[in-house]
Amino acid sequence: MGMRRKAGTGRATWEALGTSVVLQVGEPAALARARAVVERELAAIDRSCSRFRGDSDLTRVNEAGGRAVRVDALLIEAVGVALRAAELTDGDVDPTIGAALELAGYDRDWRLLASAGEDADGGVGSPDGVPRQPFPPRQPFPPRSRVIRARVRAGWRTVELDAERMTIRVPAPIRLDLGATAKALAADRAARAAAQATGVGVLVSLGGDISTCGESPEGGWRVHVTDDHRSDPSAPGQTITISDGGLATSSTAVRRWSQEGANRHHIIDPETQAPVAHTWRTASVAAASCVDANIASTAALVRAEDAPGWLEELGLPARLVDPVGRVRTLGDWPAQPGVVAEATL
């Protein structure tokens, strides 16, 4: 999602957690204080939940060889959120796909993966400056493969979280990855903390995962929804307005790379333990929090052709874009630029 500046608000952008950060506040004078609070929250999430830091609590859990590890309260919260996501989606958003991501080539911080020459921008640009297509046009949604694979399967129910003892245990060789929920959790925590510290309305966007807290500007926060959150407002997409809650876009068109001649992306299907194939190009969902929006948008990509019915049952406003660029809107998501209402997952 790209962000448009709202007149009368303060705005700052920078890089953190391997992605872009956009902070907007209802009063420009509150921007410096809000940014300091947001930076502190993002640093805490990185220290606790990063799969790529040797000193993070998550790395200690993954390297423990099946032993219970005492961790900080933030990782307890983050893993609890990830397990809730798995329960809400019947395992379609599963934090125990860390090994599958590594096998697919996502084995280092995104900035390092991008700098190593992979097609990290999903076809946004190329060395010769000629834009590439994210993937060739095709008929969407052929049947999922049901081939039985002989392999050790991950599973979110194998995770043992003891909030009283502050310990987490995962059986070897399972490895946790919190990429589907931790960034959204960081956005929610950062927006809430900044609003409490400044007393003004706050919007935080982490790579397009958006959370708001407090009073919104007159007319609401304007958001330009696109395939790539780094795009400016002139990029193809849709401008909408939200007054509260969260908004998230999950995409197979960005965070792509090449491995052994095959295109890969970071959305893993727990059923196959491989990047999901033949699904939506992007799924954007609005919900009462960024975490809930991101759970739903990620699950929508895993569920592919089954996603619209599931999202409609939940009453979540959503915008789905298929591989050939056709847009489908669901629930209260406006077909044209307009206001998206809050919904609860």
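Analyst: Helix 3 (residues 73-88) and helix 7 (residues 290-303) pack at an angle of about 45 degrees, and their axes lie 10 Å apart. Helices here are DSSP runs of H or I with at least four residues, strands are runs of E with at least two, and both are numbered from the N terminus. The axes are lines fitted to C-alpha atoms, for helices over the stretch in contact, and the angles run from 0 to 180 degrees between N-to-C directions. The angle makes helix 3 oblique to helix 7, given that under 35 degrees counts as roughly parallel, over 145 as roughly antiparallel, 65 to 115 as roughly perpendicular and the rest as oblique.

The model is predicted, so local features need pLDDT of at least 70 and side-chain atom pairs count only at pLDDT 80 or more, whereas totals for chains, interfaces and linings use all residues. Residues are numbered from 1 along each chain as its sequence is written, and side-chain values use heavy atoms, with hydrogens and water left out.

In the packing of helix 3 with helix 7, V81, R84, A85 and L88 of helix 3 meet V291, D292 and I295 of helix 7, where contact means heavy atoms within 4.5 Å. This contact has 5 nonpolar, no polar and 2 charged residues; Ala, Val, Leu, Ile, Met, Phe, Trp, Tyr, Cys and Pro count as nonpolar, Asp, Glu, Lys and Arg as charged, and the others, Gly among them, as polar.

Helix 7 also packs with helix 6, at an angle of about 160 degrees and with the axes 8 Å apart, which makes helix 6 roughly antiparallel to helix 7. The crossing of helix 6 and helix 7 is right-handed, and the contact is made by A184, L185, A187 and D188 of helix 6 together with C290, V291 and N294 of helix 7. By class, the residues of that contact divide into 5 nonpolar, 1 polar and 1 charged.

Helix 6 spans residues 182-198 and includes T198, whose side chain reaches the backbone oxygen of A194 at 2.8 Å. Apart from its neighbours within four places in sequence, T198 is in contact with A30, R33 and A34.

Notes
Polar contact = N/O pair within 3.5 Å; in protein donor to acceptor, adjacent residues only side chain to side chain. Left-handed = near helix turned anticlockwise from the far one by under 90°.
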